[in-house]
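Biologist: Can you walk me through this one? I have the viewer open.
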Amino acid sequence: MKHPITYILALIALFAFFPGTVAADFEGRKKCSSCHKSQAKAWGETAHANAMESLKAGERKEAKVKAGLDPDKDYTQDKDCVGCHVDGWGEKGGYTIEKPKKMLAAVGCESCHGPGKKYRGDHRKGGQAFEKSGKTTQRSVLSKKGQDFHFEESCASCHLNYEGSGWKGAKAPYTPFTPEVDEKYRFDFDKMVKNDKAMHAHYKLDGAFVGEPKFKYHDEFQANAQEGEKGGDDDEDDGDDD
């Protein structure tokens, strides 16, 4: 080929012209909840599920006033606020103000467990293999593809993102909801992650995945977990979630 650089530039232009050819890392909670039905239902009753609603004018008026915000303003278009109320803000395939997606609007599954595009297929196959023959899959297979089994930093990035919080990652724009505004905003991960009203209720897992990395409270949660409703194949066509 006489002009390899020209060829490469043409390929780059082709992919830029057809953005849909590059799969988004964030898929939306509908993909997860189609199998994890009980977890999704429990999550739907938490404040995280209503995170975007809280940004609307007239919502949580008292809290906004105490934090120095205008209770009659709609903050759902405010880029300084939206990031902590959606999945994947500023990341590939994540929520954007310009093209909002309903299944990414809220602090959902992928905010804690990581963007599902790369690991969801292995997660599904692992579950199917266990159900069929009892074969287990190492969690490291999923971890290497982006599933987060710890997620403490993800929580801190919003709840501890204020000056003086002690979290090394704090940077502007800071959250206005700090312990100085109200003591209830003092964030303790080890305490809050065990609060079903803050996260979601935990249900019995079938044991398809083994080994490290394993969430530090996994065994504790499973020891007290109740049986949940199982969904069907999560690879079915979910349709448009805009």
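Modeller: One term to begin with: buried means under 20% relative accessible area, exposed over 50%, and partly exposed in between, with a 1.4 Å probe and protein chains only. This is a predicted model, where local features need pLDDT of at least 70, side-chain atom pairs count only at pLDDT 80 or more, and totals for chains, interfaces and linings use all residues. Residues are numbered from 1 along each chain as its sequence is written, and side-chain values use heavy atoms, with hydrogens and water left out.

Biologist: How many salt bridges does the structure hold?
Modeller: It holds 12, a salt bridge being a side-chain nitrogen of Lys or Arg within 4 Å of a carboxyl oxygen of Asp or Glu.

Biologist: What does Asp-182 form a salt bridge with?
Modeller: With Lys-66; their closest N and O atoms are 2.8 Å apart. Asp-182 sits in the loop between helix 8 (152-159) and helix 9 (189-192) and Lys-66 in helix 4 (residues 61-66), so the pair ties together parts 116 residues apart in sequence. Helices here are DSSP runs of H or I, at least four residues, numbered from the N terminus.

Biologist: Is Lys-66 buried, partly exposed or exposed?
Modeller: Lys-66 is partly exposed, at a relative accessible area of 43%. Asp-182 is also partly exposed, at 21% relative accessibility.

Biologist: Switching to helix 6. Which of its residues are buried?
Modeller: Arg-120, Arg-124, Gly-126 and Gly-127.

Biologist: And which residues are exposed on the other side?
Modeller: Lys-125, Lys-132 and Ser-133.

Biologist: What follows helix 6?
Modeller: Gly-134, with a positive phi near 80 degrees.

Definitions and conventions:
Helix = DSSP H or I, 4+ residues; strand = E, 2+ residues; numbered from the N terminus.
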